[in-house]
Amino acid sequence: MQTEIIFAGFGGQGVLFAGQVVAYAAMDNGLEVTWIPSYGPEMRGGTANCTVIVSDEEIGSPQVRYPAAVVAMNLPSLDKYESLVKEGGHLIVNSSMVDRPVTRKEIHSVMVPGNEIAEGLGDKKMTNMVLLGALLANVPLLPLEAVEKSLREHLPEKHHRLLPLNYQALREGARFLAEKV
Amino acid sequence: MTRELWKGNNAIAEAAVRAGCAAYFGYPITPQTELLEYMSARMPQLGRAFVQAESELAAINMVYGAACTGTRVMSSSSSPGVSLMMEGVSYIAGTEIPAVLVDVMRGGPGLGNIAPAQSDYNQIVHGGGHGDYNLIVLAPSSVQESVDLTVLAFDLAEKYRSICVVLLDGSIGQMMEPAEMPPFQPLRTEYPDWAVTGAKDRERRFLSSIYLDPPQEEAANLRMLRRWQEVQANEIRYKTYYMEDAKFAVIGFGSSGRVALTAVRAARAEGIPVGLLRPITLNPFPEKVVEDLAKQVEGILVVEMNSGQMLEDIRRIAKGAAPVEFFARLGGIVPLPDEVLDEIRRLAKGPLTLEGHPRDRWLARMGTLN
């Protein structure tokens, strides 16, 4: 059983980190996982994405054309990946940064106002965790508690004061459930 | 087992440290730079030598010098940087001393780009520097295998007084996967009997790649070749997947091999009896395995991220026992599993031929692909 997830957005939106959180949690729960970034001369404001594959056996290709789930943090990411989500797969969209709905009907999609929720929590940088919470609530990959535990265990001590806010962001995002296909 | 999430480049660096690497010399180049960066922090922490040289040429010659002392030394670079090192590589080979070189390949030729490629297969496996020599070449396909093969590289280099290259592509260098680190080996305190360690109270030793007298050079060449026969006899490594009942086989190394694995599984799910051979030692090459496999199957598909450099080896070894087909993406593009799956379907559907060249057929298909 293998699940492929692409996190995509602008550089600076924390898509690489969101993917790493999933990778740590998968590893801590005894699963195989690969995390691979699109690496290149991309900086803040440019596009960034990473692919995370979680599996219970040796993982082949670290990248796939048709992922089981996509977290699209902005419009270019929605435009690029909407057509590629596997049939019956999940598309989690940061509705704060897009101006159109998801058009495909044979995938599960959910619009999450990530920026607004994060700002409501007092820190816009939490947008990635809000979207990650929404992903985890919709894709049966890992329980939210497992992800929180991994965050606590792998986040450097100096950032631990941010843990409660991260947990809150994950929980807020997890309240958004995708439409049935 | 304690697994940690490691980026490929960092994992190789830590594995080298744990294998007892006493000195690192290098020069930054993407997509390998994290390896050097990690070493720049880690080696001084342990009181070991780290030098960011002024160029790759300088770095490899520092490796040359340090290797003469019999201690464990390494360098790392990426394609254009490795080209610059080739003179030093030949000198180290000619001096018959051990060293480890990590090459994280990127798109080329020339400056190319920083995306993953396998287009330096010929340079590393079939030469690169001048003169008659062989490098031991290990090709990992995951972060864990990169760790394990880095440790092995130091052992093999020493055992056969040879350069051992860990050859991977940028995607393995950049990806993160869980890996278990090897135990910490202490730094060496005893040195081999050829090493130059200061000749106080003993006869002076001399290390060089210069044999002005041709019969002496010939003797050195023969000595290296006989040693290479031992490498060929003892050190072949590879991994097969789903080959027991396979009527078709895919062959690919490193990232191409693992992309093919996903495609092979998908093809199996469709009922196509296909297996995979992933060579791990590219030199010495698992020739006997390919020879036997060619007798077992009805068709072979070679997948690479170059224009068919290993393909020529497979064709030479298969000797027409099975038709060979070819698929590749070039210039820094990593093939996706669905592309390879299409090729496996085509292979299984036939008809296959021993006529013509698989590269020509692939090139003709590429016309419609782009």
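**Entry 1: the interface of chains B and A**

I counted 11 residue pairs in polar contact between chain B and chain A, both residues at pLDDT 80 or more. A polar contact here is a pair of N or O atoms within 3.5 Å; within protein, one must be able to donate a hydrogen and the other to accept it, and residues adjacent in sequence count only if both atoms are side-chain atoms. I then listed the elements that give two or more residues to the side of chain B that touches chain A: β1 (4-7), α7 (170-174), β8 (176-179), β9 (238-241), α9 (254-269) and α12 (337-349) of chain B. Of these, α9(B) gives the most, with 5 residues. By class I found 14 nonpolar, 4 polar and 8 charged residues on that side; Ala, Val, Leu, Ile, Met, Phe, Trp, Tyr, Cys and Pro count as nonpolar, Asp, Glu, Lys and Arg as charged, and the others, Gly among them, as polar.

I noted that the model is predicted: local features need pLDDT of at least 70, side-chain atom pairs count only at pLDDT 80 or more, and totals for chains, interfaces and linings use all residues. Residues are numbered from 1 along each chain as its sequence is written, chains are lettered from A and ligands numbered from 1 in the order in which they are written, and side-chain values use heavy atoms, with hydrogens and water left out.

The contact (heavy atoms within 4.5 Å) takes 26 residues from chain B and 25 residues from chain A. I read a buried area of about 2100 Å², 58% of it from carbon and sulfur atoms; this is the accessible area (1.4 Å probe) that two parts lose on being put together, summed over both. B:Arg3, B:Leu5 and B:Met176 supply 27% of the area that chain B buries against chain A, more than any other three residues.

**Entry 2: salt bridges**

I used the rule of a side-chain nitrogen of Lys or Arg within 4 Å of a carboxyl oxygen of Asp or Glu. It finds 4 salt bridges across the interface of chain B and chain A. B:Arg3 and A:Glu32 meet in a salt bridge, at 3.2 Å from N to O.

**Entry 3: the sheet of chain B**

I traced an open, mixed sheet of 7 strands in chain B, in the order β3-β2-β4-β5-β7-β6-β12. β3 (49-52) and β12 (281-283) stand at the edges with a single partner strand each, so one side of each lacks a neighbour in the sheet. Strands (E, at least two residues) and helices (H or I, at least four) are DSSP runs, numbered from the N terminus; two strands pair if DSSP finds at least two bridges between them. β2 (residues 23-26) and β4 (residues 73-77) of chain B pair in the parallel sense over 2 bridges.
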